[in-house]
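Please open the structure in a viewer and keep the sequence at hand.

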Amino acid sequence: MNEELSRALFERDLAGLSEKLLGLRDWEVISSTYPVLDVAFSAPGRQPLRVRLTCTDWNEQPPSVDLMERQGSFVSRVSQNSSGVFHQGPHPNTGRPFICMAGSREYHTHPSHTSDHWDGYRAKDAYTLGGILTQIWRAWLKG
Amino acid sequence: MALNETSGERKVEVAIVTTSGSWPATGFNEVPERQPVKHEIEQAVRNLHIVNTAGWIAIVNGRQINVEATYLENGLSGQVTIDYGPPHGGGGR
């Protein structure tokens, strides 16, 4: 995919993450330099979680999603959650826990989901970068 | 909660926040407390150029509200900031 176009789409989605939204949700943007969007989630009584989206070829491809501790190390274990979004894995490509949800590159490249194509999602507003983060965040809040 | 002196109808101040921006861009819109929440959400969707909102949910102070009901019926008053967006993703099987 043309990198300039990918960068422009990245910047478009980034522009939607207003200070008002970040404050309301207690999100902290750690990095937002293309192709990486790194956001920390916090909530009372919860261990913070960093979600790092690597958006190479956005949005021809979904972002690769890394789950990280607040200080930047990879999460080694994810807790069982009713949404099923946080999967212990290990993912065959990364060897780590992963986001098992449409909109994550690890989902669409997992042998169990290769028939569920990203093309069926990419035009929907729920699958902008902010939309994908929202879906992960809500699953994280649900525990 | 504001009281409109002309009509006697109480008002709430509403802001809708999404990952595509906020409506209004700054501050709040004053709307009747007996107006269904969905009216202001529809304004936000139109003005923020959001197209597909099937299944999206509205959250206020951590509580999902009923967008078909009024602010009054949802127990909302004063300044109301609505977090509007998709629900949590579905896990693969």
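Two strands count as paired if DSSP finds at least two bridges between them. The coordinates to be explored are those of a predicted model.

**First selection: β2 of chain B**

Select residues 10-18 of chain B, which form strand β2. A residue is called buried here if 20 or more other C-beta atoms lie within 10 Å of its own.

Strand β7(B) pairs with β2(B) in the parallel sense, over 5 bridges. Within that pairing, B:V14 has B:V80 of β7(B) as its bridge partner. Next, display residues 29-32 of chain B, strand β4, which runs antiparallel to β2(B) and is joined to it by 4 bridges. Here B:V12 faces B:V31, the residue opposite it in β4(B). The strands β2(B) and β3(B) make a hairpin, with 2 residues between them.

Show both chains together. The contact draws 19 residues from chain B and 29 residues from chain A. On the side of chain B, the elements that give two or more residues are β3 (21-23) and β7 (79-85). Which element supplies the largest share of this side? The largest share, 3 residues, comes from β7(B). Coloured by class, this side of chain B shows 5 nonpolar, 13 polar and 1 charged residues.

Move to B:N61, in the loop between β5 (57-60) and β6 (63-64) of chain B. Its phi is positive, about 50 degrees, although B:N61 is not a glycine. With 11 C-beta neighbours inside 10 Å, B:N61 counts as exposed.

How many helices and strands does it contain? Chain A has 4 helices and 6 strands, and along the sequence they follow the pattern α-α-β-β-β-β-β-β-α-α. The C-alpha atoms occupy a box of roughly 40 × 40 × 25 Å along the principal axes. Of the 143 residues, 37% count as buried. Among contacts in chain A between residues at least 6 apart in sequence, 38% join residues at least 24 apart.

Select strands β1 to β4 of chain A. These 4 strands form an open sheet in the order β1-β2-β3-β4, with antiparallel pairing. Its edge strands are β1 (27-31) and β4 (64-68), each of which pairs on one side only. From one strand to the next, the twist averages 25 degrees. Within this sheet, β2 (residues 36-41) and β3 (residues 49-54) of chain A pair over 6 bridges, and A:V39 stands opposite A:V51.

Begin with A:D26, in the loop between α2 (19-25) and β1 of chain A. Phi of A:D26 is near 60 degrees, a positive value in a residue other than glycine. With 14 C-beta neighbours inside 10 Å, A:D26 counts as partly exposed.

Continue to A:P35, in the loop between β1 and β2 of chain A. The peptide bond leading from A:Y34 to A:P35 is cis, with omega near 10 degrees. Then select A:N59, in the loop between β3 and β4 of chain A. The peptide bond from A:W58 to A:N59 is also cis, with omega near -5 degrees.

**Last selection: helix α4 of chain A**

Select residues 129-142 of chain A, helix α4. This helix has 14 residues and reaches 20 Å from its first C-alpha to its last, close to the 20 Å expected at 1.5 Å a residue. Of these residues, 12 are buried, so α4(A) is largely enclosed by the rest of the structure. Among the buried residues are A:L129, A:I132, A:W137 and A:W140. The tour ends just after the helix, at A:G143, where phi is positive, about 80 degrees.

Note on methods
Residues numbered from 1 in each chain as written. Chains lettered and ligands numbered in written order. Predicted model: local features only at pLDDT ≥ 70, side-chain atom pairs only at ≥ 80, totals over all residues. Expected span 1.5 Å × (residues − 1). Contact = placed C-beta atoms within 7 Å. Nonpolar A, V, L, I, M, F, W, Y, C, P; charged D, E, K, R; others polar. Axes fitted to C-alpha atoms, helices over the stretch in contact; angles between N-to-C directions.
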